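Dear colleague,

Please find below the structure that I am handing over to you. My findings follow it, and I would ask you to read them with the structure open.

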Amino acid sequence: MGSKNKLKRFQENETFANVFQPSREEVVGGEFPLKGKWNTDFFKNDNPVVLELGCGKGEYSVGLAKLNPNKNFIGIDIKGARFWRGAKTAIEDNMGNVAFVRTQIELIEHCFAKDEVDEIWITFPDPQIKYKRTKHRMTNATFLENYKKVLKPNGLMHLKTDSEFMHGYTLGLLHGAGHEVIYANHNVYKNEGAPEEVTSIQTFYEGQYLEINKAITYIQFRIK
């Protein structure tokens, strides 16, 4: 993507009512105004709040919002030029149950209050295969503890990935730490039983993976 196109998208994001781009200083300093107030001040309803972490273009956030009009969806990503597409689509389609926040994943506890979130989706994260990158894997123990801080006690976690490594690493970590694995599938398009939300929504890159017969995996779990 050219720098001019990126700049145009950044500027357009600033005009979108469903996009929030706080500085790191604002977030860490406790100045993010929607923390604990997403339902009352933005969505203006009492519906469940669902996050998509590392949302990219926002395809899954928008897709889930269309499937579930009685839930509120928030895509989180540090790259605003990417989720511009999802934010624009949501506005064009008059979808009041979608929002996007440009911030780092590790800062979500500063953007959401305790027990404010009902579900978290992690879709196609970088598996960070090298050992020295373990701390950046979005399902490592540290990240799970951060998610637990904002999730309701029985809040659901979802991991959808094309990485067999990420799938196996996460399953092993969950079982080893005593978390509750509700459902696991190493090939959702060949094995029966995957939830509709997993198979009915496909990202652009997921379509490319499927064209080369790359298996898509999914885990649904609760953090204990």
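In what order do the 8 strands of the open sheet lie? In this predicted model, the order is β1-β4-β3-β2-β5-β6-β8-β7, and the pairing is mixed. At the edges stand β1 (19-20) and β7 (180-185), each of which pairs on one side only. The partner of β1 is β4 (residues 98-102); these two strands run in the parallel sense and share 2 bridges. Within that pairing, Val-19 is placed opposite Phe-100 of β4.

Two helices may be considered together with the sheet. Helix α4 (residues 59-67) lies across β2 (49-53), β3 (72-77), β4, β5 (117-123) and β6 (151-161), and runs at about 175° to β3. Helix α6 (residues 141-150) also packs on the sheet, where it touches β2, β5, β6 and β8 (217-222). The direction of α6 makes about 135° with that of β6.

I would next draw your attention to the backbone. Most residues other than glycine have a negative phi. Asp-115, although not a glycine, has a positive phi of about 65°; this residue is found in the loop between β4 and β5. Phe-124 is likewise not a glycine and has a positive phi of about 50°. Its place is the loop between β5 and α6. Is Phe-124 buried or exposed? Its relative accessibility is 18%, so Phe-124 counts as buried, the limit being under 20%.

Finally, there are the salt bridges, of which a search of the whole structure finds 11. Side chains of opposite charge can pair when their charged atoms come close. One of the salt bridges joins Asp-93 to Lys-66, with the closest N and O atoms 3.4 Å apart. Because Asp-93 lies in the loop between α5 (80-92) and β4, while Lys-66 belongs to helix α4, this pair ties together parts that are 27 residues apart in sequence.

Another salt bridge is formed by Lys-114 and Asp-115, again with 3.4 Å between the closest N and O atoms. Lys-114 is exposed at 66% relative accessibility, whereas Asp-115 is partly exposed at 30%.

A further salt bridge, at 3.4 Å from N to O, brings together the side chains of Glu-180 and Lys-224. Glu-180 is in strand β7 and Lys-224 in the segment after β8, so that distant parts of the chain, 44 residues apart, are linked. Together with Arg-222, these two residues are linked in a network of salt bridges.

Yours sincerely

Methods:
Residues are numbered from 1 along each chain as its sequence is written. This is a predicted model: local features need pLDDT of at least 70, side-chain atom pairs count only at pLDDT 80 or more; totals for chains, interfaces and linings use all residues. Side-chain values use heavy atoms; hydrogens and water are left out. Two strands pair if DSSP finds at least two bridges between them. Helices (H or I, at least four residues) and strands (E, at least two) are DSSP runs, numbered from the N terminus. Contact means heavy atoms within 4.5 Å. Axes are lines fitted to C-alpha atoms, for helices over the stretch in contact, and angles run from 0 to 180 degrees between N-to-C directions. Buried means under 20% relative accessible area, exposed over 50%, partly exposed in between (1.4 Å probe, protein chains only). A salt bridge is a side-chain nitrogen of Lys or Arg within 4 Å of a carboxyl oxygen of Asp or Glu.
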